[in-house]
Amino acid sequence: MFVLTLVVWVYMFYERIKAIRTSGFEPRSLADLENFPPRAVNSSANFQNLFEIPVIFYACVLALLVTNRVDTTYVICAFGFFAFRIVHSAIHCTYNHVMQRFTVYAIACLFLWVMVLRLAAQTLSEARVG
């Protein structure tokens with residue numbers, strides 16, 4: 001996920017610099033993203049999005065490592081989340097078909113919520129026993 005965030009960040013700057021060079025934007029107008037082409041705007045939105053739901057993923061993975069609960073189900077869900085986030089970013093940064101992007105986003109989130117709810121259930125179960 002860190003590498004995906006880095007790739008989107010680099011792509012965002014590439015698209016912004018390309019837009020600035022081809023359109024002759026004044027530096028003062030850069031705060032207004034309306035003037036940027038869709039790929040520059042979408043890559044920026046995707047970069048911001050990588051600091052929303054993925055933060056829950058990071059916290060969940062850290063909790064799994066600290067509590068020594070990593071198992072095959074968690075690994076499959078983590079890779080599922082990651083794979084669908086890659087596809088989500090690819091769609092968002094390029095042709096940005098909203099329904100395809102939403103579907104991929106929802107599938108990624110299902111993987112994540114399985115991880116989170118399973119971890120919560122295991123933690124609550126242990127708290128009752130302990």
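Helices are taken as DSSP runs of at least four residues, numbered from the N terminus. In this predicted model, helix H1 spans residues 2-23 and contains Leu 6. Leu 6 has a relative accessible area of 49% and is therefore partly exposed.

Helix H5 comprises 32 residues, 98-129. From its first C-alpha to its last, H5 reaches 46 Å, close to the 46 Å expected at 1.5 Å a residue. Its buried residues are Arg 101, Val 104, Ala 108, Cys 109, Leu 112, Met 115 and Leu 119. The cover over these buried positions includes helix H3 (53-66) and helix H4 (72-93).

Ala 59 is located in helix H3. With a relative accessibility of 47%, Ala 59 is classed as partly exposed, because that class lies between the 20% limit for buried and the 50% limit for exposed residues. A distance of 9.4 Å separates the C-alpha atoms of Ala 59 and Val 116, which are 57 residues apart along the chain.

The largest nonpolar core consists of 20 residues. Within this core, the residues with the most contacts are Met 1, Val 8, Phe 57, Leu 64, Phe 81 and Met 115. Two or more core residues are given by each of H1, H3, H4 and H5. Beyond its neighbours within four places in sequence, Phe 81 contacts Met 1, Ile 53, Pro 54, Phe 57, Ala 108, Phe 111 and Leu 112.

How values were computed:
Residues are numbered from 1 along each chain as its sequence is written. This is a predicted model: local features need pLDDT of at least 70, side-chain atom pairs count only at pLDDT 80 or more; totals for chains, interfaces and linings use all residues. Side-chain values use heavy atoms; hydrogens and water are left out. Buried means under 20% relative accessible area, exposed over 50%, partly exposed in between (1.4 Å probe, protein chains only). The expected span of a helix is 1.5 Å times one less than its number of residues. Contact means heavy atoms within 4.5 Å. A nonpolar core is a set of buried Ala, Val, Leu, Ile, Met, Phe, Trp, Tyr and Cys residues joined through side-chain atoms within 4.5 Å.
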